[in-house]
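Colleague: I would like to go through the charge pairs and helices of this model. Please keep it brisk.

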Amino acid sequence: MENSRFTFRISQQDAAALETLAAQRHCSKSDVVRQLVHEGIGKEEVRNSIDFIRENIHDEIAAICQPQFERLAKLIAKIGYQSVADFNLLCYIIDGILPKQMQIEFEEMKRRAKMMAIAYLKLKDTEFAEFLISEDRALDLLGLQQEEEK
């Protein structure tokens with residue numbers, strides 16, 4: 001293997017450190033420089049390999065998880081559609097069996113239930129406990145309390 005020759009300048013501080021290192025290792029300054037260059041190139045190759053591996057792992061995880069995420073999203077949407085259908089069916093059944101004088105009150109209950117459903121969907125995770133404790137607080141968190149009172 002043929003060696004290449006390089007000429008370069010370094011600071012006096014680095015030159016002194018190089019001499020100290022050569023003395024500690026009991027070798028020439030050229031040997032120390034060759035070792036340091038070899039180690040530095042090796043570290044850079046490892047760093048580049050890690051970046052390459054990280055990107056490949058990320059891509060593989062995304063490829064494996066994405067179909068599952070999409071499946072879950074579709075299932076959640078179906079659950080939402082079914083919940084709306086269940087709500088409407090229940091309202092239809094109740095409308096059919098309620099006496100006429102109670103239907104106006106029931107319409108208000110349906111309107112309020114829809115408002116609460118919308119409020120529930122807009123809540124942050126940290127506000128969920130308050131939603132369960134207080135309907136008024138949940139509506140207030142969303143600025144719906146004023147609408148309710150109008």
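Modeller: Start with the pair Arg-111 and Glu-108, which form a salt bridge. This is a predicted model, where local features need pLDDT of at least 70, side-chain atom pairs count only at pLDDT 80 or more, and totals for chains, interfaces and linings use all residues. Residues are numbered from 1 along each chain as its sequence is written, and side-chain values use heavy atoms, with hydrogens and water left out.

Colleague: How far apart are the closest N and O atoms of Arg-111 and Glu-108?

Modeller: A salt bridge needs a side-chain nitrogen of Lys or Arg within 4 Å of a carboxyl oxygen of Asp or Glu. Arg-111 and Glu-108 sit 3 residues apart in helix 3, about one helical turn. Their closest N and O atoms are separated by 2.8 Å.

Colleague: Is Lys-110 buried or exposed?

Modeller: Buried means under 20% relative accessible area, exposed over 50%, partly exposed in between (1.4 Å probe, protein chains only). Lys-110 has 15% relative accessibility, so Lys-110 counts as buried.

Colleague: Which residue forms a salt bridge with Lys-110, the closest N and O atoms being 3.5 Å apart?

Modeller: The partner is Asp-95. Lys-110 lies in helix 3 and Asp-95 in helix 2, so the pair ties together parts 15 residues apart in sequence.

Colleague: How many salt bridges does a search of the whole structure find?

Modeller: One of them joins Asp-31 and Arg-34, at 2.5 Å between the closest N and O atoms. Asp-95, Glu-107 and Lys-110 are linked in a network. The search finds 7.

Conventions
Helix = DSSP H or I, 4+ residues; strand = E, 2+ residues; numbered from the N terminus.
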